[in-house]
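Work through these exercises with the model in view. Try each task before you read its solution.

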Amino acid sequence: MDMAAAAAEVSTPPSLVKMTEKALDEMPQWSWQSVVDAVRQCQRLLPTADATGVFDRVVGALVSHVAVSPGDATPTSSSPESSAFRFSCDTKSSCLSARCTSRTWWFEDLAVVLGPGMVERVAGALLARGTDHGVVSRFLFYYLKCRVAGAATADDKRAMLEAAIAAMSGLDRSSVSCRGLFGILRISSPLKLPTSCHDSLVAMIGAKLDHATLDNLLVPAPPGTTSSLYDVTLVLRFLDAFLHHAAATGARGETPRLKKVGKLVDLYLAEVAPDPSLRPAMFVELATALPAAARDCHDALYRAIDVYFQVHTRLTEEEKMRICKGINYEKLSPECCKHLARNAGFPTRAAVQALASQHTVLKSLLRGGGPDEHLRPVSAAKHRAGGEDHDDLVAAGGQVVLYAGRLDLSLESQNLRSLLDGMHWRVMELEKVCSRMKTQMSKMKAARRATGGGSGGAAGRRAASRSLPRMCS
């Protein structure tokens, strides 16, 4: 009976399903080359391989191999010293470091094998496994460098870019290279990516805008556009994405990043201002896109507006005033304020507003306030004890005279000039009065000591009060 059962078991044909299941279970123990070959074949069997679950098993085996050291995995053709590999490490850390080469040995093999549909899923599986976001980011850039240039059709290029952008959108923003994102933007411009994909790319660039350079922003306008030479609308979208990301992450108070973007925008304004086709509304929107904290000084903004007015000679006074609303005149240096007031290209109202703001600064100086860093009082040397009030007035007067000299108000507004001259005269009179008061107080003390503080001292005080000028009595 036992011999008959054994014979029946031997004669039973093997189960293909069981053999397949066993092979899939043992896939993580396969060699790296065998797993890579399985990935290549699995892509040819889509969507069947996906429906049967084979696809996920192959990806799991692939990710498990990526997680081990390069010596254990024995990659077939990776070359960390190749120029293509160096491009993949387009981040602050050097790709020639031991850490980079030990964690990115698999780039070349997978970049050759994976199709666009596979890249996103492999990237997601790597992230789920806990792979560093920076490594995944470098792989995606490496993949695009290796595959996009050799793509046969525009559709193939578009599919690769869409897959890479979709995968990058799930990464930490700090792990994605700003330079690499602008490279993707440059490549994708003629391919007309889907709106959602392009919006995702713009959002990623906007979040990293403080790492951008002026050359990055000088993107030519799309073909057929006559409103400007450069794509100003795209830059406005970058700025909107930057502010939105700062608000979403609670980073509104990160003024260093905001000020870096402010300087970048001022440089960009200087480049686009000479464009004769740039509309005033677009220029105003660009000049006022950032909050007030982005600029400590508005000199660069004023110079860009000055160039724009020189090129666009047909602007009306109202259009010019709308553009000038972007300037905070109190943040102009005295030199720029002087230039503005003498500039025939600027509206008279703008010159008057600039002078009025400088008048406010002068008033704050007289009150002892510190308006801005470039307007802060120059400290005067203190004299002996007993002369602090006099020294304060002398310091304030010297500050006003120095500031007025830098401002040089030989300008249109005679009323403001007269007001400043009157203030200057009052400061000098106050200096004389205080000096006289000190002298008289010394005499009063001497007389009091001589008379013993009697009626002669009271008479001396009445005489001193009568001798005081009217403005201080």
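**Exercise 1. Classify Val112: is Val112 buried or exposed?**

Solution. Start with the cut-offs: buried means under 20% relative accessible area, exposed over 50%, and partly exposed in between (1.4 Å probe, protein chains only). Val112 has a relative accessible area of 58%, so Val112 is exposed. Helices are DSSP runs of H or I with at least four residues, strands are runs of E with at least two, and both are numbered from the N terminus. Last, look across the chain. Cys146 is 34 residues away in sequence, and its C-alpha atom is 7.7 Å from that of Val112.

A word on the source: this is a predicted model, where local features need pLDDT of at least 70, side-chain atom pairs count only at pLDDT 80 or more, and totals for chains, interfaces and linings use all residues. Residues are numbered from 1 along each chain as its sequence is written, and side-chain values use heavy atoms, with hydrogens and water left out.

**Exercise 2. Find the helix that holds Phe107, then classify Phe107.**

Solution. Phe107 is in helix 9, which covers residues 107–113. Its relative accessible area is 0%, so Phe107 is buried. Now take Arg138, 31 residues apart from Phe107 along the chain: the two C-alpha atoms are separated by 8.9 Å.

**Exercise 3. Which residues does Asp266 touch beyond its sequence neighbours?**

Solution. First locate Asp266: it sits in helix 17, residues 255–272. A relative accessible area of 10% makes Asp266 buried. Contact means heavy atoms within 4.5 Å. Set aside neighbours within four places in sequence, and Asp266 is in contact with Arg295, Ala300 and Leu301.

**Exercise 4. Where do the buried residues of helix 21 lie around its axis?**

Solution. List them: in helix 21 (residues 334–342), the buried residues are Pro334, Cys336, Cys337, Leu340 and Ala341. They span an arc of only 160 degrees around the axis, so they fall on the same side of helix 21. The arc is that of the directions from the helix axis to the C-beta atoms.

**Exercise 5. Describe the lining of the largest pocket.**

Solution. Begin with the term: on a 1 Å grid over the protein atoms alone, probed at 1.4 Å, a pocket is an open set of points with protein on both sides within 12 Å along at least five of seven lines, and lining residues have an atom within 4 Å of a point. The lining has 21 residues; Leu185, Ser189, Val219, Pro220 and Asp231 lie nearest the centre. Helix 13 (178–188), helix 15 (214–217) and helix 16 (232–248) each supply at least two lining residues. Helix 13 gives the most, with 4 residues.

**Exercise 6. How many helices and strands does the protein have?**

Solution. Count 25 helices and 0 strands. Then check burial: of the 473 residues, 40% count as buried. Finish with contacts: among those with a separation of 6 or more, 74% join residues 24 or more positions apart.
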